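Subject: Handover of a protein structure

Dear colleague,

Please find the structure that I am handing over to you below. My notes on what was found in it follow directly after.

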Amino acid sequence: SQTSPSTLPKQLATRGLAAFALIFHPFYVDDFAMTCEGLGQWRGAPAWQVRFAQRSDKFPRFRTYQVGTRRFPVKIKGRAWVAADSFQVFRLEVDLLEPIFEIKLQTEHLNIEYRPVDFPKRKLQLWLPESAELYLDFRGSRHFRRHSFSEFLLFAVDLRQQIQDPQEPPEPAPAR
């Protein structure tokens, strides 16, 4: 008989799901073998389909699981749909490259979809996650969690620095 997945237990936190598109950042991109499968579509828009997998000669530093005080690096593989005109990531599907037997993690599957978000006060548009779905086979149980992202706020600090010569300290008051 087939059972449906339960929701993720409260003690399992999902952090960093929004940052998965950073796989393509210059800091991480060399950690992965990438292959372009050609031009396809995502929701009617032209999109390059790119496969990626953790390189065996690189230590996995993009994703970790923490159990107690121990950290377990995660080797991942997946597929991305990248906008043909702007090269923004539309969608990512990410899986474990291999199970993590020490913590009984057999399967992890992520679906993350991104969309443009406008910040009119800053005249800025950023591509941010719209949703993320996580499926796990962890410690003999299957789990599911869905995140929806909306109402984004942009935190920005304006820095205006003026460099001046230091002022002379004031003369000390005479002793009485």
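Helices (H or I, at least four residues) and strands (E, at least two) are runs assigned by DSSP, and they are numbered from the N terminus. By this definition, I112 belongs to strand β8.

Two remarks on the origin of the values come next. The model is predicted, so local features need a pLDDT of at least 70 and side-chain atom pairs count only at pLDDT 80 or more, whereas totals for chains, interfaces and linings use all residues. Residues are numbered from 1 along each chain as its sequence is written, and side-chain values use heavy atoms, with hydrogens and water left out.

The whole protein

The protein has 10 strands and zero helices. From the N terminus on, its elements therefore read β-β-β-β-β-β-β-β-β-β, with helices and strands defined as above. The radius of gyration, taken over C-alpha atoms, can be set against a globule rule of 2.2 Å times the number of residues to the power 0.38. For 176 residues a compact globule would have a value near 16 Å, but the protein has 23 Å. Its C-alpha trace spans about 95 × 45 × 35 Å along the principal axes.

A residue is called buried under 20% relative accessible area, exposed over 50%, and partly exposed in between (1.4 Å probe, protein chains only). Of the 176 residues, 31% count as buried. The protein exposes about 12,700 Å², of which carbon and sulfur atoms supply 51%; these areas come from the Shrake-Rupley method with a 1.4 Å probe, and for residues only the protein chains shown count as cover.

Contact means heavy atoms within 4.5 Å. Among the contacts with a separation of 6 or more, 49% are made by residues 24 or more positions apart.

Is I112 buried or exposed? I112 counts as buried, because its relative accessibility is 0%. Leaving aside neighbours within four places in sequence, I112 is in contact with L17, F20, F90, R91, L92, P129, S131 and A132. One of these residues, L92, is 20 residues away from I112 in sequence, and the two C-alpha atoms are 5.2 Å apart in space.

N111 is also found in strand β8, which covers residues 105-119. N111 is buried, with a relative accessible area of 11%. A polar contact is a pair of N or O atoms within 3.5 Å; within protein, one must be able to donate a hydrogen and the other to accept it, and residues adjacent in sequence count only if both atoms are side-chain atoms. The side chain of N111 makes such a contact with the side chain of R91 at 3.3 Å, and another with the side chain of H109 at 3.0 Å. Not counting residues up to four places away in sequence, N111 touches R91, L92, E93, S131, A132, E133 and Y135.

R63 lies in the loop between β3 (45-54) and β4 (64-67). R63 is buried, with a relative accessible area of 10%, and its side chain makes a polar contact with the side chain of E108 at 2.7 Å.

Q41 is found in strand β2 (residues 32-42) and counts as exposed, because its relative accessibility is 54%. Apart from residues up to four places away in sequence, Q41 touches P46, A47, Q49 and W81.

E130 is found in strand β9 (residues 124-138). At 29% relative accessibility, E130 counts as partly exposed. Its contacts, leaving aside neighbours within four places in sequence, are R43, E113, Y114, R115, H147, S148 and F149.

Two residues with positive phi

Which phi does F87 have? F87 has a positive phi of about 65 degrees although it is not a glycine. F87 is found in the loop between β6 (76-83) and β7 (89-96), and at 57% relative accessibility F87 counts as exposed. E151, in the segment after β10 (141-148), has a positive phi near 50 degrees and is likewise a residue other than glycine. E151 counts as exposed at 75% relative accessibility.

Yours sincerely
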